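Have the model open as you read.

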Amino acid sequence: MAIKTEVKLAGVSLKNPVLTASGTFGSGMEFSQFVDLSKLGGVVTKGVSVVPWEGNPTPRVMETASGMLNAIGLQNPGLDVFLKRDLPFLEQFNTRRIVNVCGHTTEEYVKAVEILSESSADILEINISCPNVKAGGITFGTVPKMAEEITKAVKAVAGKKPVFMKLSPNVTDITEIAKAVEAGGADGISLINTLLGMKIDIRRRAFALANKTGGLSGPAVKPVAVRMVYQVANSVKLPLIGMGGIACAEDAIEFLMAGATAVSVGTANFHNPKVTEEIVSGIEAFLTEQKIADINEIIGCVR
Amino acid sequence: MKYSIGTVISIKKIGEGIFDLRVAEPGIARDAEPGQFVCLYSDDGAHLLPRPISICERDEESVRLVFRIAGYGTKEFSEKKPGDTVRILGPIGNPYPAFTSNVIVVGGGIGIPPMLYLARKCKEAGLKVTTVLGYRDKNTFLDEEFKAYGDVIIATDNGDLGVHGTVVDAIREKDLDVSLVCACGPMPMLKGLSKYVLEKGGRCYVSLEERMACGVGACLGCITKTKQVDGHSHVKNQRICTEGPVFDASELDW
């Protein structure tokens with residue numbers, strides 16, 4: 001039985017729903033020695049801004065129970081290098097290029113999206129939810145009116161590129177933000193970014209991370225993410241990229257059943273550099289075992 | 001760099017909380033050079049991040065890893081038995097350059113193990129090797145093995161053994177020629193040592209460590225500040241796992 005694993009995100013077809021989560025996979029270069037990128041539905045690149053960003057002081061990462069905290073602070077080389085080095089690298093592979101964009105101000109987001117609208121990116125994912133950058137970022141993703149405005153502003157310059165807004169779980173009601181970006185004209189939604197957390201080093205009587213707080217990711221956050229994907233799937237009509245603690249095919253299928261059309265795998269890459277490819281084959285095995293001919297049959301099947 | 005499943009050949013306790021582990025993985029062992037490290041992964045999915053551990057020695061079949069129990073992961077590795085498997089990634093990072101002049105090899109605490117392989121390599125290259133090792137007290141480890149490659153000077157924090165004080169105190173006291181120094185150990189030691197060596201006009205290479213997540217250069221968790229703009233992000237952050245862990249001390253922004 002031929003199994004169909006192809007899914008569509010705002011008109012862009014992916015050979016399977018497995019993507020990499022922004023920030024955990026660079027632009028695929030480093031992990032390409034372990035994973036055949038052409039076997040993935042797409043690579044979501046690390047957040048890129050108009051100019052290079054330095055990021056936060058170290059320590060930037062810390063393990064926690066079934067998860068980790070990070071406060072990298074969106075260190076990135078800026079769009080010039082990204083367009084010359086990273087995107088051309090990804091163009092060698094038969095995989096979708098989803099470019100994650102970050103900024104401090106509306107102007108910075110707009111400028112980046114304007115430039116990327118002329119690039120080989122297939123989809124733009126707009127990060128309005130990074131908890132580790134003080135100015136901008138998160139504030140756009142936690143106030144519905146601002147989320148709508150920033151969506152409108154980037155959509156106005158995105159040309160034909162579908163725009164997915166990446167939402168923060170650090171809000172009282174994520175469906176409010178989802179509805180706001182839908183009203184702003186978003187083509188899709190990515191969720192969830194990390195949960196704001198903190199760890200204290202009791203021997204040093206100090207914060208474990210130099211940034212004091214960091215974003216929690218990994219299996220610890222998965223039930224929160226599945227719940228939020230389900231809530232958002234039932235409150236907007238947009239396609240969703242679901243993420244948060246996916247470590248195996250079964251986890252990915254939970255997200256699909258909750259209503260995500262595609263999934264991003266992040267922190268799990270650190271525990272097993274080959275995990276993305278294993279999830280692709282694991283999903284196929286599950287579909288075969290369950291005699292499901294088309295993966296689209298299970299998207300949002302749990303109501 | 002290879003991601004693989006290694007097999008434990010042997011394990012023994014060689015000091016208080018310090019273990020000597022040999023893991024068979026020829027693909028990693030054959031490529032390993034002094035200063036490089038591996039990542040070992042916990043078998044427990046609740047402990048996600050790989051543990052970077054320096055390569056103490058190698059042969060054609062296996063790597064030798066000497067580590068201190070610092071938490072859950074290293075405790076798990078210390079309880080491995082011969083024949084057990086462990087997921088391993090490596091060899092990782094840039095090694096020490098190939099030297100052509102006599103060298104002082106310095107190790108402090110759990111920074112001592114990677115210097116053993118370097119000392120052997122330098123000795124095999126026909127160089128004179130002088131080793132300076134810093135310990136807290138008389139509970140030393142690996143010091144006997146360094147004697148095969150040249151003179152060994154010991155410094156202890158409490159004065160139990162050798163020079164009372166730091167490795168820098170020992171180097172100063174013995175008035176060693178510091179034209180070329182390689183070191184691994186705690187950050188304050190590396191800072192003090194490189195300041196001393198650079199002021200004397202010598203060259204100093206240091207192995208750094210930092211909290212890491214991916215181990216392959218993708219996550220940008222383990223950066224160190226440098227004077228020059230880096231090739232990856234075009235800021236002044238080198239990745240310890242990729243451009244390091246060995247750095248020319250004069251290039252770091254301490």
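1. Ground rules. This is a predicted model, so local features need pLDDT of at least 70 and side-chain atom pairs count only at pLDDT 80 or more, while totals for chains, interfaces and linings use all residues. Residues are numbered from 1 along each chain as its sequence is written, chains are lettered from A and ligands numbered from 1 in the order in which they are written, and side-chain values use heavy atoms, with hydrogens and water left out.

2. The overall tally. Over all chains, the structure holds 30 salt bridges; the term covers a side-chain nitrogen of Lys or Arg within 4 Å of a carboxyl oxygen of Asp or Glu.

3. A:R204 with A:D201. These two side chains meet in a salt bridge at 3.1 Å, N to O. A:R204 counts as exposed at 51% relative accessibility, whereas A:D201, at 24%, is partly exposed. (Buried means under 20% relative accessible area, exposed over 50%, partly exposed in between, with a 1.4 Å probe and protein chains only.)

4. A:E254 with A:K222. Here the salt bridge is 2.8 Å, N to O. A:E254 sits in helix α7 (residues 249-258) of chain A and A:K222 in helix α6 (residues 222-233) of chain A, so the pair ties together parts 32 residues apart in sequence. Helices are DSSP runs (H or I, at least four residues), numbered from the N terminus. A:K222 is buried at 13%, while A:E254 is partly exposed at 35%.

5. B:D169 with B:R172. Their closest N and O atoms are 3.6 Å apart. Both residues belong to helix α5 (residues 167-173) of chain B, three residues apart, or about one turn of the helix. B:D169 is partly exposed at 28%, and B:R172 is partly exposed at 47%. Also in chain B, salt bridges that share partners join B:R30, B:R58, B:E60 and B:E61 into one network.

6. A helix pair in chain A. The axes (lines fitted to C-alpha atoms over the stretch in contact, with angles from 0 to 180 degrees between N-to-C directions) of helix α4 (residues 144-157) and helix α5 (residues 174-183) of chain A come within 7 Å and cross at roughly 30°. α4(A) and α5(A) are therefore roughly parallel to each other, a label for angles under 35 degrees.

7. Who touches whom. Contact means heavy atoms within 4.5 Å. α4(A) supplies A:P144, A:A147, A:E148 and A:T151, and α5(A) supplies A:E176, A:I177, A:A180, A:V181 and A:A183.

Notes: Helix = DSSP H or I, 4+ residues; strand = E, 2+ residues; numbered from the N terminus. Parallel < 35°, antiparallel > 145°, perpendicular 65-115°, else oblique.
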